[in-house]
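Hello,

Please have a look at it first and then read on.

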Amino acid sequence: VSMINDMLAAKSCPFVGHEMSDIRQESGCTIFLGFTSNMISSGVRENIKFIVKENLVDVLVTTCGAIEEDIMKCLAPHQIGRFDFDGKTLRSKGLNRIGNLIVPNKNYELFEQWLIPILNFMYDEQMENKEI
């Protein structure tokens, strides 16, 4: 905690000897926040949103590994559960836990029904053009 407080203090001090014409004034510390995409899906989204809105970080670095989860959320809803739900018990009921999100098997099936025709089309197109 003390290191984070030191970084935030340095971030609030202007960087001496260098003027920036940017929207944001350069400071004595640039804070990066790195996280994997599953952090958003697993319920930490609001914490990250708060950190960004409060200008506590300068740079976000993440992955897009959860794009399938975003598409699935468009096809069917997920439910908010709890982090301590037992995965084995949920699985026996046809449910999956991603952090505190509960995703029915049906959502994965809908995703596959949406994605497989696209992949098949791409494959056929590549075969036809001899690009494989």
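Glu109 is partly exposed, because its relative accessible area is 39%, where partly exposed lies between buried (under 20% relative accessible area) and exposed (over 50%), with a 1.4 Å probe and protein chains only. Its salt-bridge partner is Lys106, with the closest N and O atoms 3.9 Å apart; a salt bridge here is a side-chain nitrogen of Lys or Arg within 4 Å of a carboxyl oxygen of Asp or Glu. Lys106 is partly exposed too, at 45%. Helices (H or I, at least four residues) and strands (E, at least two) are DSSP runs, numbered from the N terminus.

Before you go further, please note that this is a predicted model: local features need pLDDT of at least 70, side-chain atom pairs count only at pLDDT 80 or more, and totals for chains, interfaces and linings use all residues. Residues are numbered from 1 along each chain as its sequence is written, and side-chain values use heavy atoms, with hydrogens and water left out.

How many salt bridges does this rule give? The count is two. Arg82 is partly exposed at 48%, while Asp84 counts as exposed at 56%.

Next, have a look at Asn96, in strand E4 (residues 95-98). Asn96 counts as buried because its relative accessibility is 13%. Its side chain makes a polar contact with the side chain of Asn105, at 2.8 Å. A polar contact is a pair of N or O atoms within 3.5 Å; within protein, one must be able to donate a hydrogen and the other to accept it, and residues adjacent in sequence count only if both atoms are side-chain atoms. Leaving aside residues up to four places away in sequence, Asn96 also touches others, including Arg91, Leu101 and Tyr108, where contact means heavy atoms within 4.5 Å.

Happy exploring, and do write back with any questions!

Best wishes
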